[in-house]
Number of protein chains: 2
Amino acid sequence: MLWKARIEITLKKEVLDPQGAAVENALKALHYNNVKQVRIGKYMELYLEAEEREAGAKQVEEMCRRLLANPVIEDFSYTLTEAER
Amino acid sequence: MLWKARIEITLKKEVLDPQGAAVENALKALHYNNVKQVRIGKYMELYLEAEEREAGAKQVEEMCRRLLANPVIEDFSYTLTEAER
């Protein structure tokens, strides 16, 4: 079965996010003054072949830990949905 | 009311994604051979003050169009949820 994984990788709360701060300042320069706590992360989509959801989820988790995210400073979350071929 | 916006910004389908291709190759080098079509985008979180969901959504959409995304090569989607203070 083919699965579509959507992965969100965010900096941990304790980690400073200068890119987010820069974007927040830029938004304020455009007079969006009601915005706060902008945080920037990564988003990834991929397709993977797996017999069952559980096996797919386990693999996505492993790939995040080993390659896609840096577990020292980043958190990740993901969703898996069945993909049409 | 305080809203939390989660924004996903992805490259349009027609746009080449060399970063995604590099990650796909790296995954294959780690023997994840069942993975394909890796695409990399951006993920943003922010909080904004708005009386109603509709006003908040309209503003997020406008911010994406004006600053956060590049509408020539990127698509964006977002969700708004009520945030606890």
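Tutor: Two residues are in contact when they have heavy atoms within 4.5 Å. The structure above is a predicted model, in which local features need pLDDT of at least 70 and side-chain atom pairs count only at pLDDT 80 or more, while totals for chains, interfaces and linings use all residues. Residues are numbered from 1 along each chain as its sequence is written, chains are lettered from A and ligands numbered from 1 in the order in which they are written, and side-chain values use heavy atoms, with hydrogens and water left out.

Student: How many residues of chain B are in contact with chain A, and how much area do the two chains bury between them?

Tutor: On the side of chain A, 30 residues take part, and they touch 30 residues of chain B. Buried area is the accessible area (1.4 Å probe) lost by two parts on being put together, summed over both. Here 61% of that area lies on carbon and sulfur atoms, and the total for chain B and chain A is about 2900 Å².

Student: Which element gives the largest share of the side of chain B that touches chain A?

Tutor: In chain B, B:Y32, B:N34 and B:Y43 lose the most area to chain A, together 21% of what that side buries. The elements of chain B that give two or more residues to this side are β1 (2–11), α1 (18–29), β2 (35–49) and α2 (53–68), where helices (H or I, at least four residues) and strands (E, at least two) are DSSP runs numbered from the N terminus. The largest share, 15 residues, comes from β2(B).

Student: Which residue of β2(B) stands opposite A:M44?

Tutor: Strand β2 (residues 35–49) of chain A pairs with β2(B) in the antiparallel sense over eleven bridges, and strands count as paired if DSSP finds at least two bridges between them. Within β2(B), the bridge partner of A:E45 is B:R39, while the residue opposite A:M44 is B:I40.

Student: Which residue of β2(A) is the bridge partner of A:W3?

Tutor: Strand β1 (residues 2–11) of chain A runs antiparallel to β2(A), and eight bridges join the two. In β2(A), the partner of A:W3 is A:L48.

Student: How many salt bridges does the rule find across the interface of chain B and chain A?

Tutor: A salt bridge is a side-chain nitrogen of Lys or Arg within 4 Å of a carboxyl oxygen of Asp or Glu, and over all chains the count comes to ten. One of these joins A:K28 and A:E24, whose closest N and O atoms are 3.1 Å apart; being four residues apart in helix α1 (residues 18–29) of chain A, they are separated by about one helical turn. Across the interface of chain B and chain A, however, the number found is zero.

Student: What percentage of the interface residues of chain B are also interface residues in chain A?

Tutor: Superposed by least squares on the C-alpha atoms of residues with pLDDT of at least 70 in both, chain B can be laid on chain A with an RMSD of 0.0 Å by a turn of 180° and a shift of 0.0 Å along the axis. The two copies are thus related as by a two-fold rotation axis. The copies meet through the same surface, because the share of interface residues of chain B that are also interface residues in chain A is 100%.
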